[in-house]
Amino acid sequence: MNLLDDEVFAVILAIIVVGSVFSAAQLLRPSVIEPFIAIGVLDENCKIGNYPDKVFRGENLTFCIFLHNYMGYPLLMQVRYKIGSNTTLPTNSTPSPMPTLLIFNKLLDHGENTTFYVDVPIKVNGSLVGKRITLIFELWIYDIDRDTWVYSGRWNHLYVEVLESPVP
């Protein structure tokens with residue numbers, strides 16, 4: 001009978017040790033106190049600054065897009081490129097009403113970031129030559145529960161003046 005008591009005691013002790021280690025790991029595990037996501041538009045050398053201020057109608061511009069996920073779980077992120085004006089900028093709660101010209105998707109784990117190149121066209125009509133336009137980059141995230149893309153309230157924009165394309 002004494003042998004059985006020792007075995008039961010050993011099992012109970014093992015359960016206590018494993019439970020204690022698991023509980024301590026849960027308490028010591030870093031938690032996400034202030035979750036956030038981020039988007040940044042960088043120049044063609046993937047640096048801040050040196051953005052073009054004049055562009056030719058019909059040309060393609062190269063930028064780098066920086067994305068960061070610190071939400072505590074993986075996110076499917078989407079950058080939507082639009083061309084607008086000062087009056088069609090997004091807000092923290094609503095996207096720009098302008099049509100989406102290009103979409104870039106990236107899947108990022110918690111704590112992960114990425115920087116990638118994009119080529120964006122300056123597709124505008126001739127009436128905008130000599131005028132200032134806004135290149136808009138909106139950040140959207142995929143909401144698994146609603147099975148749809150949701151505007152995140154984060155965006156970047158650049159102002160450029162449109163020039164007529166040079167004669168070849």
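Q: Is Y81 buried or exposed, and what decides the label?

A: The label comes from relative accessible area, and buried means under 20%. In this predicted model, Y81 has a relative accessible area of 0%, so Y81 is buried.

Q: Where does Y81 lie, and what does Y81 touch?

A: Y81 lies in strand β4. Leaving aside residues up to four places away in sequence, its contacts include P99, T100, L101, L102 and F104. V120, P121 and I122 are also among them, as are L135, I136 and F137. M98 makes a handy distance check: Y81 and M98 are 17 residues apart in sequence, with 9.6 Å between their C-alpha atoms.

Q: Which residue stands opposite Y81?

A: Start with the general idea: strands of a sheet pair through backbone hydrogen bonds, either parallel or antiparallel. Here, β4 (residues 75-84) pairs with β7 (residues 132-143) in the antiparallel sense, over eight bridges. Within β7, F137 is the residue opposite Y81.

Q: What is the strand order of the open sheet?

A: Its five strands run in the order β2-β8-β7-β4-β5, and the pairing is mixed. At the edges stand β2 (54-56) and β5 (102-108); each has a single partner strand, so one side of each lacks a neighbour in the sheet. On average, neighbouring strands of this sheet are turned by 35° against each other, direction ignored.

Q: How many disulfides does the structure hold, and which residues form the pair?

A: A disulfide is read from the sulfur atoms of two cysteines, which must lie within 2.5 Å. The structure holds one, formed by C46 and C64 with their sulfur atoms 1.9 Å apart. This pair links distant parts of the chain, 18 residues apart: C46 is in the loop between β1 (36-42) and β2, while C64 is in strand β3 (residues 60-70).

Q: Why is the disulfide of C46 and C64 called left-handed?

A: The torsion about its S-S bond is about -55°, so the disulfide is left-handed. As for accessibility, C46 counts as partly exposed at 25%, whereas C64 counts as buried at 0%.

Key. Residues are numbered from 1 along each chain as its sequence is written. This is a predicted model: local features need pLDDT of at least 70, side-chain atom pairs count only at pLDDT 80 or more; totals for chains, interfaces and linings use all residues. Side-chain values use heavy atoms; hydrogens and water are left out. Two strands pair if DSSP finds at least two bridges between them. Helices (H or I, at least four residues) and strands (E, at least two) are DSSP runs, numbered from the N terminus. Axes are lines fitted to C-alpha atoms, for helices over the stretch in contact, and angles run from 0 to 180 degrees between N-to-C directions. Buried means under 20% relative accessible area, exposed over 50%, partly exposed in between (1.4 Å probe, protein chains only). Contact means heavy atoms within 4.5 Å.
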